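This report describes selected covalent links, strand contacts and aromatic contacts in a protein model. The sequence and structure are shown first.

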2 protein chains.
Amino acid sequence: MRIFALTLLGWALCWGQATDECKPSTLNIPGAQYPCVYSDHRATFQVTAPDAQRVQLKVVGKTLDMAKGEEGAWTVTTPPLVQGFHYYTLVIDGATVADPSTRTFFGSGWDNSGIEIPEGPEVDYYLPKDLAHGQVSQRWYYSTVTTKWRRCYVYTPPDYGSGKSRYPVLYLLHGWGENEQGWHIQGHADLILDNLIAAKKAVPMIIVMDNLNAIKPGEDGKIFTSRAFERPPAPKPGQTPAPGPRARLASFTGATFTEMMFTDLIPMIEKTYRVLPGRENRAMAGLSMGGFQTFLTTLANLDKFAYIGGFSGSTGAFGGPFDPKTSNNGVFADADAFNKKVKVLFLGIGSVEGPNTKNFSEALTKAGIHNVYFESPGTAHEWLTWRRCLNDFAPRLFQ
Amino acid sequence: MRIFALTLLGWALCWGQATDECKPSTLNIPGAQYPCVYSDHRATFQVTAPDAQRVQLKVVGKTLDMAKGEEGAWTVTTPPLVQGFHYYTLVIDGATVADPSTRTFFGSGWDNSGIEIPEGPEVDYYLPKDLAHGQVSQRWYYSTVTTKWRRCYVYTPPDYGSGKSRYPVLYLLHGWGENEQGWHIQGHADLILDNLIAAKKAVPMIIVMDNLNAIKPGEDGKIFTSRAFERPPAPKPGQTPAPGPRARLASFTGATFTEMMFTDLIPMIEKTYRVLPGRENRAMAGLSMGGFQTFLTTLANLDKFAYIGGFSGSTGAFGGPFDPKTSNNGVFADADAFNKKVKVLFLGIGSVEGPNTKNFSEALTKAGIHNVYFESPGTAHEWLTWRRCLNDFAPRLFQ
């Protein structure tokens, strides 16, 4: 029945196109046929908007006009999309909204639609398999620094529940506009670790996935609460324009998250879970802005962390050209001292994202700083890059 | 700064209305000022749709036209809304979509917007407090019955991690069109139990929150995958019309979920967690269709359950008038035998939902069947009713 319906769908869409079947994206709500993905990575999107004048799709940095068909259904088939997980939105007569046909995913500060362009049928490192599974737990805790309740998610490995062992901990951060759910919902961090641990490629570890948004009462939290598709209103005559995202980021020190992490998060985790003590059992990594936060936190506190990972998250210098002698308060100036302390300094990036991270890695190497450069082939600034980064980074930890 | 902005907002909205402040709903995305709620439970909604011809709000069973204002912003202020958690949607030129200003919540088969009309500042039984917290864990397991991977969430009480004790288990189901995330996201089941356990009103227990959708290969899963706002296309001449939701529900036996529960879910839980054995340590409850499923499963398996809860979930007879001698395969025919087996039979309902559940409770009482009737004052078929049901039901379990 289902195969039959999909076959019909394939016929209906195949004018001038490949004749293979368009398969519903794995991120669709139950029963939704659209968006669907062809084997060559083209995708067809459809939304019902009977009275709209113009409907557009925004995906992977492009805006495409959709065409009106029967019964108010607007449709577009894209050119082949880069593989991976992509947030996307619809614009219906000027309103930016999520597509009601997919589950939504918190990114860019709101609940976007998502589509998954699969890597290929043989790729299963982030899928559930018939092996021992850890679990991801939601945990509430009160922050004395922000004076608010916070929620984090904690991965415990498969053998955690039954044993008495203590485990090392990876603190793992999402990116700008995302939240503490990103790593286990979009990133499948739990399944990646289950699979690595079962294959004995990674040691069993705890992963703490917190929210990088942390402001004290009275601090400006706009960096965390603006949505990408909204522009601040134009200043009226005589008014000063509001600072844009770039200006806000340049002034971002990450100090409040760092303080909250040391004051509230780490003590709560070490009190609640069976954790191995000390810096050699503590890692921190993050993607994009979470990588930026990771470097801000760890490079200023090498007495507390022995493993550092930036996934699409650092090009080295914050606010100027990289100089190994002076950047980051000179933490790289004494290469031998740095290499003795930091067991792994990992720099990951998608190959489509440009050369800046590679340049940073090479500058570090030239300055004598040991580091791992990982490039995800054919992926962009999105979750497939970061899943692959975690899959490569986690086996290097606590060995 | 924030108070100042809200004060300005209050002024802008108060033509002819109460002059109190309109507070952003607690379910909004970070930074979003709309929707906001007045102290008299009116709410103002706003969405930007510069080129739309017509924008409507659908909330609590009503459709309201929104009015276009400056810079493409469409706004409406509702009459006072019934307190509680409400799914809602926008209709933009005929397209039914979520409001991009709120977090989304899986209900009616897709990710809707949500608004919370608060009970009042003194009500905090489902809010986090400074006391010991349990945790909610995501767990993957493979179902041999459905031949698919499934995901459930498991609440373990605050003292679970540190001890060796075994605990009784409540299996708790969501409603039609929702999923396994409903009870801890919309329902705050974990916080309700944390608060009850800290107050020594409920015994520490494990709560298993699974997905009631369960189909075997080849079974028709349409009952789980149709979205409330979509109608099946009209049949073409000569075609048989597709069965509507009511016809599909009448033929629903819940048999596959029951089989999956006994074959896969309960064995996985009892193997993975420190669980007390036997029927007197096992409860099942659910809301709406989950209550329906609970009655289908438990009444046919009283050797496995001693506690039964239906929250807006049963009016007694499935497919006909209630007769204590014959309905539900005659399970109520011998009142003494039933009362000996079932420690608690709980029937909860919101007072706005009508008299059918009360009538069922009274018919049971007349037939000599002990039961608890719980009516949530002033609430509808929504999550506030079900939070209150759980808050009343949980203390009655395993005592």
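Predicted model: local features only at pLDDT ≥ 70, side-chain atom pairs only at ≥ 80, totals over all residues.

A disulfide requires the two sulfur atoms to lie within 2.5 Å. C152(B) is buried, with a relative accessible area of 0%.

## Disulfides

A disulfide is a covalent bond between the sulfur atoms of two cysteines. Over all chains, the model contains two disulfides. In chain A, C22(A) is joined to C36(A), with an S to S distance of 2.1 Å. This link is right-handed, with 95° about the S-S bond. C22(A) lies in the loop between helix 1 (2-13) and strand 1 (23-24) of chain A, whereas C36(A) belongs to strand 2 (residues 36-37) of chain A, so the pair ties together parts that are 14 residues apart in sequence. C22(A) is buried, at a relative accessible area of 0%, and C36(A) is also buried, at 0%.

In chain B, a disulfide connects C22(B) and C36(B), with 2.1 Å from S to S. The link of C22(B) and C36(B) is right-handed, with 95° about the S-S bond. Here C22(B) is found in the loop between helix 1 (2-13) and strand 1 (23-24) of chain B, and C36(B) in strand 2 (residues 36-37) of chain B; the pair therefore ties together parts that are 14 residues apart in sequence. Both C22(B) and C36(B) are buried.

Strand 15 of chain A pairs with strand 13 (residues 148-156) of chain A in the antiparallel sense, over three bridges. Strand 14 (residues 169-173) of chain A runs parallel to strand 15 of chain A, and three bridges join them. V208(A) takes part in both pairings: V208(A) is the bridge partner of V154(A) and also the bridge partner of Y171(A).

## Aromatic pairs and a cluster

A pair of aromatic rings is described by the distance of the centres and the angle of the planes. The count comes to 38 aromatic pairs over all chains. One of them is the tilted pair of F332(A) and F338(A), with 5.0 Å centre to centre and 50° between the planes. Both members are buried: F332(A) has a relative accessible area of 1%, and F338(A) has one of 2%.

Chain A also holds an aromatic cluster formed by W183(A), F311(A), F346(A), F374(A), W383(A), W386(A) and F393(A).

## Charges over rings

Which ring lies under the charged end of R387(A)? The ring is that of Y126(A), whose centre is 4.3 Å from the charged end of R387(A). In chain B, R42(B) lies over the face of Y38(B), at 4.1 Å from the ring centre.

Technical notes. Residues numbered from 1 in each chain as written. Chains lettered and ligands numbered in written order. Heavy atoms only, no water. Helix = DSSP H or I, 4+ residues; strand = E, 2+ residues; numbered from the N terminus. Buried < 20%, exposed > 50% of the residue type's maximum accessible area, 1.4 Å probe, protein only. Pairing = 2+ DSSP bridges. Phe/Tyr/Trp six-rings, centres within 6.5 Å; stacked < 30°, edge-to-face > 60°. Lys NZ or Arg CZ within 6 Å of the ring centre and 35° of its normal.
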